[in-house]
Amino acid sequence: MKTCFISVALLATLVSVNADAAIKKCGGVAQVNTADVVITGCKGHTRCIFKKNTFASIQLPFTLNQEFPSVTAKVYGVIAGVKIPFPFPHSNACANSGLQCPLTPGSYSYTSKLLVQPAFPSLDVDVEWHLVDGNNQEIVCIRFPVALQ
C-alpha cells in the first residue's frame, strides 16, 4: 500500500512538471485551436513564466468567417476576478503583427510581444489577450496563467 501511494505521488509530480500551461479560449467569434497557440515560457510549466525586463511573445492562429476592417489588441491581468489593463504600446493589431487589415474570411496568425516591465509585481496572474474590432466586438480572447518573475 505504501509503495502504491509513493508511485501515485511520483507520477502526479511528473505529470505536473511536464504539463504545459492551460491556454483557454475566453470568447470571440473566431475559431481558435488553443493547442496551436504558442506563448513564451508555457512549455513544460503549469504557468507561463514571464521574466521581468524581457519580452513575452505570442503566436495566435485563428480562423474567421466574417470581415473586420480594423483590429485592436488589449491585454489584461486578472487578479481576484478583476481585469487590470497591461500597458501595451502595440495595440494596433493591423501593424507589425502578421495581420493585414481589413481581415476577410480565412485563416490568420497574430504575433506580438509584450515587455515584462521591471516594475510589475512578482505574482501569479491570469492573462487575457483580446483582439477586438473598431466597435469593441470580441474577435478572439484567450486566457492563460502566468508567473511574473
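**Core, sheets and loops of a predicted chain**

L131 touches L60, F62, V71, T72, A73, A93, Y110, Q137, E138, I139 and V140, leaving out residues up to four places away in sequence. Contact here means heavy atoms within 4.5 Å. The model is predicted: local features need pLDDT of at least 70, side-chain atom pairs count only at pLDDT 80 or more, and totals for chains, interfaces and linings use all residues. Residues are numbered from 1 along each chain as its sequence is written, and side-chain values use heavy atoms, with hydrogens and water left out.

L131 also belongs to the largest nonpolar core, which has 38 residues. Such a core is a set of buried Ala, Val, Leu, Ile, Met, Phe, Trp, Tyr and Cys residues joined through side-chain atoms within 4.5 Å. Buried means under 20% relative accessible area, exposed means over 50%, and partly exposed lies in between (1.4 Å probe, protein chains only). I39, F62, Y110, W129, L131, I142 and F144 touch the most other members of the core. At least two core residues come from each of strand 3 (48-50), strand 4 (55-64), strand 5, strand 7, strand 8 and strand 9. Strand 9 gives the most, with 6 residues. In soluble globular proteins, nonpolar side chains tend to be buried together.

The protein chain has 1 helix and 9 strands. Helices (H or I, at least four residues) and strands (E, at least two) are DSSP runs, numbered from the N terminus. The order of elements from the N terminus is α-β-β-β-β-β-β-β-β-β. Of the 149 residues, 34% count as buried. Among contacts with a separation of 6 or more, 67% come from residues 24 or more positions apart.

Strand 8 (residues 124-132) is mostly covered, with 7 of its 9 residues buried. Strand 8 pairs with strand 5 (residues 72-79) in the antiparallel sense over 7 bridges. Two strands pair if DSSP finds at least two bridges between them. V78 has D126 of strand 8 as its bridge partner. Strand 8 is also joined to strand 9 (residues 138-148) by 9 bridges, again antiparallel. There, H130 has C141 of strand 9 as its bridge partner. Strands 8 and 9 form a hairpin with 5 residues between them.

N136 lies in the turn of this hairpin. Its phi is positive, about 65°, although N136 is not a glycine. N136 is partly exposed, with a relative accessible area of 48%. A80, in the loop between strand 5 and strand 6, also has a positive phi, near 50°. A80 is exposed, with a relative accessible area of 81%. Most residues other than glycine have a negative phi, and most peptide bonds are trans.

An open sheet of 3 strands has the order 2-4-7, with antiparallel pairing. Strand 2 (38-39) and strand 7 are the edge strands, each pairing on one side only. Strand 2 pairs with strand 4 over 2 bridges. V38 stands opposite Q59 in strand 4.

The loop between strand 6 (82-85) and strand 7 (106-115) contains P102. A cis peptide bond joins C101 and P102, with omega about 5°. G98 is placed in this loop too. G98 is exposed, with a relative accessible area of 61%. Leaving aside neighbours within four places in sequence, G98 is in contact with S109 and T111. The C-alpha atoms of G98 and T111 are separated by 6.0 Å, although the two residues are 13 residues apart along the chain.

The largest pocket holds about 200 Å³ of space. On a 1 Å grid over the protein atoms alone, a pocket is an open set of points where a 1.4 Å probe fits, with protein on both sides within 12 Å along at least five of seven lines. Lining residues have an atom within 4 Å of a point. Grid points are joined across faces, edges and corners, and the volume is the space filled by probe spheres set on the points. The lining consists of D20, A21, I23, T34, A35, V37, V38, I39, C42 and K43. By class, 7 of these are nonpolar, 1 is polar and 2 are charged. Ala, Val, Leu, Ile, Met, Phe, Trp, Tyr, Cys and Pro count as nonpolar, Asp, Glu, Lys and Arg as charged, and the others, Gly among them, as polar.
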